[in-house]
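Dear colleague,

I am handing over the structure we spoke about, and my notes on it follow below. Please read them with the structure open beside you.

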Amino acid sequence: MASPEVHHLFHNPIADHSFSADRKTLAVARDTTVELYAKVGSAFKLKDELKGHDKTVTSVDIAPNSGRIVSCSQDRNALVWEPSPTGYKPTLVLLRINRAATFVRWSPSETKFAVGSGDRLIAICYFEEENDWWVSKHLKKPIRSTITTVAWHPNSVLLAAGSTDAHARVFSSFIKGVDARPEPGVWGERLPFGTVCGEYLNNSAGWVHSVAFSPSGDALAYAAHDSSITVVYPNGPDQPPKAIVSINTQLLPFMSLIWNGEAEIIAAGYDCEAFRFKGGVDGWQLSGTLEAKGRPGLGDSREESALNMFRQMDLRGKAKDDTQLKTVHQNTITTLRPYESSGASVKKFSSTGVDGRVVIWNT
Amino acid sequence: MSIIQQHTAASLSDAWRTIDIDALQEDSSVNFDVSTLHPPLPEVSEAEVRQINAQVRQLLRGGDAEGALRGSLEMPVYNGSDLAKEAHLQTVIEVLQSIKASDMTPMLQRIYGTPGGSECLDVLMKYLFKGMASTTSSGGSAPRTPTRMTPQQTGFSQVGSRPGGSSESTGAAMSVLLSWHEKVVEVGGLGSIGRVMTDWRKV
């Protein structure tokens, strides 16, 4: 396995990151700005700063085809940044929320995006041609607490959301005139706006940190603060699911997860490294870490000269510098994203976290 | 005074910051019962607890410590009276005290390896924390409800006044709980501590 590509951008937490479709531009949420990095040679160089929010930017997403960037922030606003020859032009989106916006993602069709918020609702935003602005419709019931994460189904109608009320839910966000009528599937047949297609709670019920649909859209995985991963296989409308598989791990909680094909999930979080889960309807297991053990360089204790050892002993009272973790990331990983895919399987994925590093991993 | 001036005067003082806006919103979390978020748990009565405890003790007397431990952990009292919960805690602690230190790790590993074993360890962790929180000595025959101390002004001077804090049996019980805690973390990982803290089902 080739070693991961590590880019240390700055010494600040990265709330969220997104690559453009050609993987030459990287958008990173840092404090109140969105920073755009361009790939120069093998490094990322700061190219542009998108300044428009006046509080911490919580999430950012680049639409792969149109190149539009959407960002949301604790200032309760979302901005759509339209690329133009003279730079990015921001457009304010009317979210109508009175708490922080926490998470934003473009639908695969790129005609809508969903914004999770601390106002116990999800704003589904779409562009209204006649008024020439972005408007939002609210998904409210039965959300009882802050939405921490959302994920789109491949059909751009179904939306999964995780919340601090410990539930993972699947909603329909069908908007007439914007979406094509979805084909009936395992989540339901008729899907008017606001339909709750599923509501799941695992046994120990921790806050949900991340949700993701499998590539086919027929299964849902979510990670919660009880260090667990739960995979739900629905069984058609108004029927109990075929299977709900919950794996309690010995590890610290996961903050983000992605699917790699239908039989593998990659998750990472407070342990600062990514883990691989394998399984299917019959059960899932933790199959190991993606961190290559005994990797040269980072984390490994270097061959020290005797002089250096005694100097360290003198300066710090210990011979070894143990302030570095043995993992590539030196702090919690908060976001995982597919970087390079072929069909349903992910060949490379990227991760960012509190340590300001962007790492591109081979699966 | 014009309306504008009044308004500025009102917003210049910081009083508005202390308004509990959640209370004004009818669907906010302070205005609904949080327990409705979870499916209800079956209630366990005191009589049932006593019955389970008698079975567990019987297993313990018969020398099947592992069976006793499993039995006591598979039926945790999540929904019951304080007395029932306390009685079950005493039973669990009794079982824990009767197991030799050298048997702890292999026994936990065996339990962890079985289906539902991870859940059992989480329950054990809950009882360990509950046991450490209640300051009563576990050696006492009559189950006492945990003594709630009235908060003191100083905050730090409680160690000396802790009821039974200096008694030997409490110290011994605490050391048993601490060594179990260490062993459970070894087998169940840090995840088991996180689950005790996040879980809404309290023992």
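Helices (DSSP runs of H or I, at least four residues) and strands (DSSP runs of E, at least two) are numbered from the N terminus. Read in that way along its sequence, chain B follows the pattern α-α-α-α-α-α-α-α-α, with nine helices and zero strands.

Before going further, please keep in mind that this is a predicted model, in which local features need pLDDT of at least 70 and side-chain atom pairs count only at pLDDT 80 or more, while totals for chains, interfaces and linings use all residues. Residues are numbered from 1 along each chain as its sequence is written, chains are lettered from A and ligands numbered from 1 in the order in which they are written, and side-chain values use heavy atoms, with hydrogens and water left out.

Chain A has one helix and 28 strands. Its radius of gyration, taken over C-alpha atoms, is 21 Å, close to the 21 Å that the globule rule gives for 363 residues, so chain A is as compact as a globular protein of that length (the rule is 2.2 Å times the number of residues to the power 0.38). Of those 363 residues, 52% count as buried, where buried means under 20% relative accessible area, exposed over 50% and partly exposed in between, with a 1.4 Å probe and protein chains only. In chain B, buried residues make up 35% of the 203 residues.

A contact means heavy atoms within 4.5 Å. Among contacts in chain A between residues at least 6 apart in sequence, 48% join residues at least 24 apart, and for chain B the corresponding share is 75%.

Thr33(A) is found in strand β4 (residues 33-40) and is buried, with a relative accessible area of 9%. Leaving out residues up to four places away in sequence, Thr33(A) touches Val28(A), Glu49(A), Leu50(A), Lys51(A) and Val57(A).

Now to the cores. A nonpolar core is a set of buried Ala, Val, Leu, Ile, Met, Phe, Trp, Tyr and Cys residues joined through side-chain atoms within 4.5 Å. The largest one has 36 residues, of which Leu69(B), Leu73(B), Leu96(B), Leu124(B), Tyr127(B), Leu128(B) and Trp180(B) touch the most other members. The elements that give two or more residues to this core are α3 (46-61), α4 (65-74), α5 (82-98), α6 (101-113), α7 (117-133) and α9 (168-198) of chain B, and α7(B) gives the most, with eight residues. A second, separate core of 19 residues includes Ala221(A), Val245(A), Trp259(A) and Trp284(A).

Within chain B, Tyr127(B) touches Leu73(B), Pro76(B), Val77(B), His88(B), Leu89(B), Val92(B) and Val203(B), again not counting residues up to four places away in sequence. The buried residues of α4(B) are Ala65(B), Ala68(B), Leu69(B), Arg70(B), Ser72(B) and Leu73(B), and what covers them includes α3, α5, α6, α7 and α9 of chain B. Met132(B), which lies in helix α7 of chain B, touches Met174(B), Leu177(B), Leu178(B) and His181(B), with residues up to four places away in sequence not counted.

With best wishes
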